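Have a look at the structure first, then follow the notes below.

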Amino acid sequence: MISRKHIQRTLIRQQGQADCGVACLASLLAYYGGHSRLERLRELSGTDTQGTTLLGLHQAASQIGFDAEGLEADSVENLKTDVDGPVILHVLIENRLQHYVVCYGWNADTQQFIIGDPARGVISYTTDELTAIWPSRVLLALTPNASFRQQSDEKRAKHRWLLGLIQDDAPLLAIATGLGIITAALGLSTAIFSQKLIDNILPKHDTKRLVLGLMLLAVLLVARAVVNYLRGFLLNRQSRDFNNRIINRFYDALLHLPKSFFDSRKTGELIARLNDTGRIQRTISHLTGAVVINTLVVLVSVGYLFTYSVWVGMLSLLSIPLYGGLVWRFHKRITNGQRDVMAASAHTESNYVDTIQGVDVIKATNRESFFAGITQAIYGRFQEQVYNLGRVGLQFNLSAEISSAVLISGLIALTSVLVVQQSLQLGEMMAILTLVGSILPAVAALALTNIQLQEANVAFERMYEYAYLTPEHEPVDTLAAFSPVFTFESLTLRDLSFRFPGRPCLLENVSLEIRRGEFVALLGESGRGKSTLLQVLQRFYTPEAGQIKINNTDWYDVDITTWRHTLGVVPQHVKLFNGTLLDNICLGNTTDEAAQIIRFCHQYGFSQYFEQFPQSYLTLLGEDGVSLSGGQRQLVALARALYKNPQLLLLDEPTAAMDRHTEQFVLNLLEQLRPDTGILLITHKPQTTQQANRVYELDNKTLQLVGNANRVMKHENAIEPAVA
């Protein structure tokens, strides 16, 4: 028998249209007792803004503890008889939208299939209905294997990560909690004094006791204010330290993730995860401060009320189940609303960043109005989610205030009757009402604690998805971590193949060799995988097959930090930071290295170009080098690559935006560097390969040796059309 409750409890909803595949995979993980973050599954399956393929889901499933098998059924009837366990189906919604769902099996009682749709929830389909949306008959069968990890292991890892963040705050939080207890105890002073004042002091016209009582009350109130200040000061300091710690740890972990992680993420989404830290901090402060104080207020105040009247104490206790019931009723709507608001906020921030970064394209095509409309629509959806959550909050507050009004009215009526019956003095009645006025808000705050915990849990899950991904290498403090004795001699590729997760093979059986002192050029049309090959060589991506050797030893025996320090890279798309020219060359502390950078530029000939900048080496380049031409950007990138004194240069179209004079300067400089450096140059211009020892062409996914530069130029001249 299939437990529908278990399916509903373990079904993971998609966060966007592209997430249906990984949401199905996450649902099956949860179904079998495991857990994996959607971010991890996106990375493993190659999910991008267009979604993923069944091949991508197969590859991801194989890496998270499943034996995966892609199958094609003859008909829907095969799902009833030949499939044992849940499977992922590739379906077509409304004859146009490709989608993934989980088929949990056939329910013989209802004569329907139980389907987990990450967009709609758990639903049922008849045989005809499923046949209509499943024309491909393609499915992915998954079976847990010995490497499958249970969710309990994941939870323990989360707890360790969170405790590691707050353990340094334990002394401060303990002191703040103690001060909170003192604050709660001092809060009773007003109620007690009002009772004594009305029942004992004023009727007896005892001026001396009145003065002493007022003085004592003033001292207690001042003490309470001072304690509150100290507690707030400690919590404020803890908030600063915690936020610095969690942001630093999160951002440090983020920067050490593989480059493939960033290829499918939007900048705004990453920023939104940083903002989630505030929710976590507010919850920690709430738990260590407000919860302790409110709990003490409720316990002490209710206990004190019982000393006046058992009936009054019993009626005040009624507030606990009453508010608890209200929270239980609104809990799901509020938590779902919070999740929707966070997701919509991240989408809004992503769109805003993406639009601003592409403002030059928008203006060049006169599409300001179109993109403004998109932003208005996305922001409008965000505000709609905020509005819906606010409406639920208002409904909850209305219900809580009505309940509070009923309780207070009942207490006033009860205490009034007791006063009339002379079972209760007037001062005691005033003290009771004062205490009740503090009990009800405290109970309401305690009832809402679970909702705040859920909000923090959502924020923590979103942050943990990124922060606990496996880094590509252990963090290092300085570049001193690289091996100073490493000397590059040769790089050899044998039958290397590569594909992005879930995509067709991009490079296949690629073989190449580069030695120190050699200049190797690589020709090829756009989109054939030349730039991807360079990123593989930088160890941004892992090859699917083949062998890479450095100095005739396995590539992986050289750690990533050492290998990347060996390389000098000029990418096709140059990234410049919002700093000075010096900052962008050294990417470090220019205070200590300024003179060295300037000497370097004179030595290599860059000074003739850089000293023409408006403020020479101190010129602010603007965000992403907005004030520079394409050729100037490439010169800065080349200077950056050479400043680290690399032993192997990887150059991707390094002169594509340069004029002939500047391009010749670069080619002459490369010729000077050749004796002590290996050079791999990617270009689409045959004339740039004139100095190369060997020239390869990337075609049909693999490399073909064209020959040397002279042979390439003869071939180009032979096919050049005659000019009259």
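The side chain of Thr-348 has a polar atom 2.9 Å from the backbone oxygen of Ala-344. This is a predicted model, in which local features need pLDDT of at least 70, side-chain atom pairs count only at pLDDT 80 or more, and totals for chains, interfaces and linings use all residues. Residues are numbered from 1 along each chain as its sequence is written, and side-chain values use heavy atoms, with hydrogens and water left out.

**Around Thr-348**
- Thr-348 belongs to helix H14, which covers residues 319–357.
- With a relative accessible area of 14%, Thr-348 is buried (buried means under 20%, exposed over 50%, partly exposed in between, using a 1.4 Å probe and protein chains only).
- Beyond its neighbours within four places in sequence, Thr-348 is in contact with Ile-378, Tyr-379 and Phe-382 (contact means heavy atoms within 4.5 Å).

**Aromatic pairs**
- The whole structure holds 21 aromatic pairs (rings of Phe, Tyr and Trp, the last by its six-membered ring, with centres within 6.5 Å; planes under 30 degrees apart are stacked, over 60 edge-to-face and the rest tilted).
- One of them is the edge-to-face pair of Tyr-31 and Tyr-32, 5.2 Å centre to centre with 90 degrees between the planes.
- Trp-106 and Phe-113 are edge-to-face because their planes stand at 65 degrees, with ring centres 4.8 Å apart.
- Phe-113 is buried at 0% relative accessible area, while Trp-106 is partly exposed at 21%.

**Charge over a ring**
- Lys-80 has its charged end over the ring of Trp-106, 4.0 Å from the ring centre (NZ of Lys or CZ of Arg within 6 Å of the centre and within 35 degrees of the ring normal).
- Likewise, the charged end of Arg-539 sits over the ring of Trp-555, 5.1 Å from its centre.

Methods: Helices (H or I, at least four residues) and strands (E, at least two) are DSSP runs, numbered from the N terminus. A polar contact is a pair of N or O atoms within 3.5 Å; within protein, one must be able to donate a hydrogen and the other to accept it, and residues adjacent in sequence count only if both atoms are side-chain atoms.
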